[in-house]
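Subject: Structure for your review

Dear colleague,

Please find below the structure I am handing over to you. My findings follow it.

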Amino acid sequence: KKDFDEILSNYDIGAYSSHKHVPIALENTVFVLKTEDGKYLVKVFESLKGRKNIIKQQLKLMVYLHSKKVPVQEIMKTKDGKLIFDYKGKELVIFEYIEGGHVKRFNNSLVKEFAKKMALLHKKMLEIPNQKDYDFGWIDYQFNAKGLELKDIYGFDSKKSFDTFLD
């Protein structure tokens, strides 16, 4: 509690209520944090050796997408506007908590909703004005809109479908 009180003094997201460790996080330590203002995820990066720039770029991309109304988690900034907070030699990020659950069975409406969200995500990523500002340094993962065009694939009008999903 003392650590979370100290961390929260650097944010405007309310006073500490409770927290719970998420035991199945892959590489980092993750907590669900409840405050008087809401519920958040706290991700403590155990090691950013050589990856801090990549993490910063990913966070910057999430901030951009959130500003364009793409349904991604909001990243809570510190009182002085930082996305990554250094606490006792560990760097952490606080994310908006989004309720969800496991899908037990797909249906048409769920698939359509997923397609709409993916179309919106791709559209907004292609609209990024200066993609060099979002260079992750990973060729295999870097998106590239230059020369990208939606084409008919086996008679499927992908451009029309893409536009339809965004209506």
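A nonpolar core is here a set of buried Ala, Val, Leu, Ile, Met, Phe, Trp, Tyr and Cys residues that are joined through side-chain atoms within 4.5 Å. Please note that the model is a predicted one.

The largest such core holds 16 residues, and those touching the most other members are Phe 4, Ile 7, Tyr 11, Ile 13, Val 42, Leu 92 and Ile 94. Two or more residues of this core come from each of helix 1 (2–8), strand 2 (29–35), strand 3 (38–45), strand 5 (85–87) and strand 6 (90–96). For Val 42, the residues touched, leaving out those up to four places away in sequence, are Phe 4, Thr 29, Val 30, Phe 31, Leu 33, Leu 92, Val 93 and Ile 94.

Thr 78 also deserves a description. This residue is located in the loop that runs between strand 4 (75–76) and strand 5. Thr 78 counts as buried because its relative accessible area is 5%, and the cut-off for buried is under 20%. Its side chain makes a polar contact of 2.4 Å with the side chain of Asp 80. Beyond its neighbours within four places in sequence, Thr 78 contacts Asn 10, Tyr 11 and Phe 85.

With kind regards

How values were computed
Residues numbered from 1 in each chain as written. Predicted model: local features only at pLDDT ≥ 70, side-chain atom pairs only at ≥ 80, totals over all residues. Heavy atoms only, no water. Buried < 20%, exposed > 50% of the residue type's maximum accessible area, 1.4 Å probe, protein only. Helix = DSSP H or I, 4+ residues; strand = E, 2+ residues; numbered from the N terminus. Contact = heavy atoms within 4.5 Å. Polar contact = N/O pair within 3.5 Å; in protein donor to acceptor, adjacent residues only side chain to side chain.
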